[in-house]
Amino acid sequence: MTKKITAFVPYQTQEMNVKTIEQLLNNELVDKVYLITTDETANSIDGTEIVKVPQLFGSQTIKEIADKTKTEYVLIITQEREINFGQFAIERFYNVAEDTGAGMVYSDYYEVKEGVRQNHPVIDYQAGSLRDDFNFGFVLLFSSKAVKFAAESNDKDYKFAGLYDLRLRASQNYPLVRIGEYIYIAEETDARKSGEKLFDYVDPKNREVQIEMETAVTEHLKNTGAYLKPEFKEVDFNELDFEFEASVIIPVKNRAKTIADAVESVLMQKTNFKFNLFIVDNYSNDGTTDIIKSFAEKDERVIHLIPERKDLQIGGCWNEAAHHPKCGKFSAQLDSDDIYSDENTLQKIYDSFKETKCGMVIGTYKMTNFKLEEIPPGIIDHREWTPENGRNNALRINGLGAPRAFYTPLLRKIKIPNVSYGEDYALGLAISRDYQIGRIYEPIYMCRRWEGNSDAELDVIKLNNNNYYKDKIRTYEFLARQRKNA
């Protein structure tokens, strides 16, 4: 059989590399195996050649891969770990690539955690799968034409975003195809819980990486007609009359442990305007309802809503409050687990609206335990958001921050998706398509982590479902922006 594949493997220790390399060298489809390394002293393993690069998967590495590939396909192992291929695994990658004309093929895999093998399915790629942390697994088979196009068309010198840029450029001309089969085994080296991994992209030490990733996705949006210039509509806050200037909205179900703290943090707010508090009680049965009633009986600002509908999730509960006649001009978010940091939070949000004439304001929050002691990663301020490019970069990251507040007429116009995950992100993307988003870069909100948090530790199926939904939201927005530009 004619050799069809050139393989590129990150150099590790000889012991770990040998097992992976032997499988590649013994496969009749594989022509050559290259070891990629930043170690100037590294020596090749029998049957391989060394490629020394300044960064493991920077732009220079992608150009080296393109130059050295003389076959139709390029197989890249993306991380330094041992890979054990299943029966005819490489042949399966090749056959699917041939059958579909894919620019890149990836697959589900088995992962070994603490000595136990587990299934690790991944998700299908779509136009909105723009996250740089999209999990493709660790084995990617690219069309060499896609790699050469990416290398030739990229005029940036990325240190970190080379592989990200490669798959974005591949997706511009070819489908990226997932094989829904467990084709290989890889050892999981990151033992952190899902809730701990959520905030890697806002870690200050990763700032240089994030700037490159933003540049890459912005180039992709320009190339695909979905880029938005920094031109915004200005909101006229006097177009409608409201009895209240602001409303805080808390959707809740079964949070007897935390709801009183949340409510008290709202009622203590000091403002120069009139505000109220909507608590949308979604049929709690753990005592939460009685706690809310006690607040409503004492303070006329508290509006206790129990929806007639019984099919509402968090987004649906928000709609109930936002469309209520007593809802204020601005609607501010507070989760039933969390609290405002001090008595000035609502005033700061209000002032930000007035100052920037924006459609939405997003603040900064601090991660704490139940004693309000700061825990890693600490303050989440989303400084990656810039007025010029924030709404483009928003298609790359998985969240926009908290607390969130909205100009209520926009909520009533857009309507909030009736889901309990990603509804706020969907709103942020839709609003940012036309309006500026104001930012507050000081902590005004305490996000309290405890064992009852919904995203503290998710299994892979739930995590995949969440990620697929947010990718779908991004797909809708990507297409909407293409239409807007057209």
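I started with K274, which comes out partly exposed at 45% relative accessibility (buried is under 20% relative accessible area, exposed over 50%, partly exposed in between, with a 1.4 Å probe and protein chains only). This is a predicted model, where local features need pLDDT of at least 70, side-chain atom pairs count only at pLDDT 80 or more, and totals for chains, interfaces and linings use all residues. I number residues from 1 along each chain as its sequence is written, and side-chain values use heavy atoms, with hydrogens and water left out.

Next I looked up K274's partner. K274 forms a salt bridge with E243, with the closest N and O atoms 3.7 Å apart (a side-chain nitrogen of Lys or Arg within 4 Å of a carboxyl oxygen of Asp or Glu). E243 is partly exposed too, at 46%.

E243 also meets K326 in a salt bridge, 3.2 Å from N to O. E243 lies in the loop between α7 and β10 and K326 in the loop between α10 and β13, so this pair ties together parts 83 residues apart in sequence. My labels follow DSSP runs numbered from the N terminus: helices are H or I, at least four residues, and strands are E, at least two.

Then I turned to strand β8, residues 139-143. Five of its five residues are buried, so the rest of the structure largely encloses β8. V139, L141 and S143 point one way, L140 and F142 the other.

Last, I checked the neighbours of β8. β4 pairs with β8 in the antiparallel sense over five bridges (pairing takes at least two DSSP bridges). I76 stands opposite L140.
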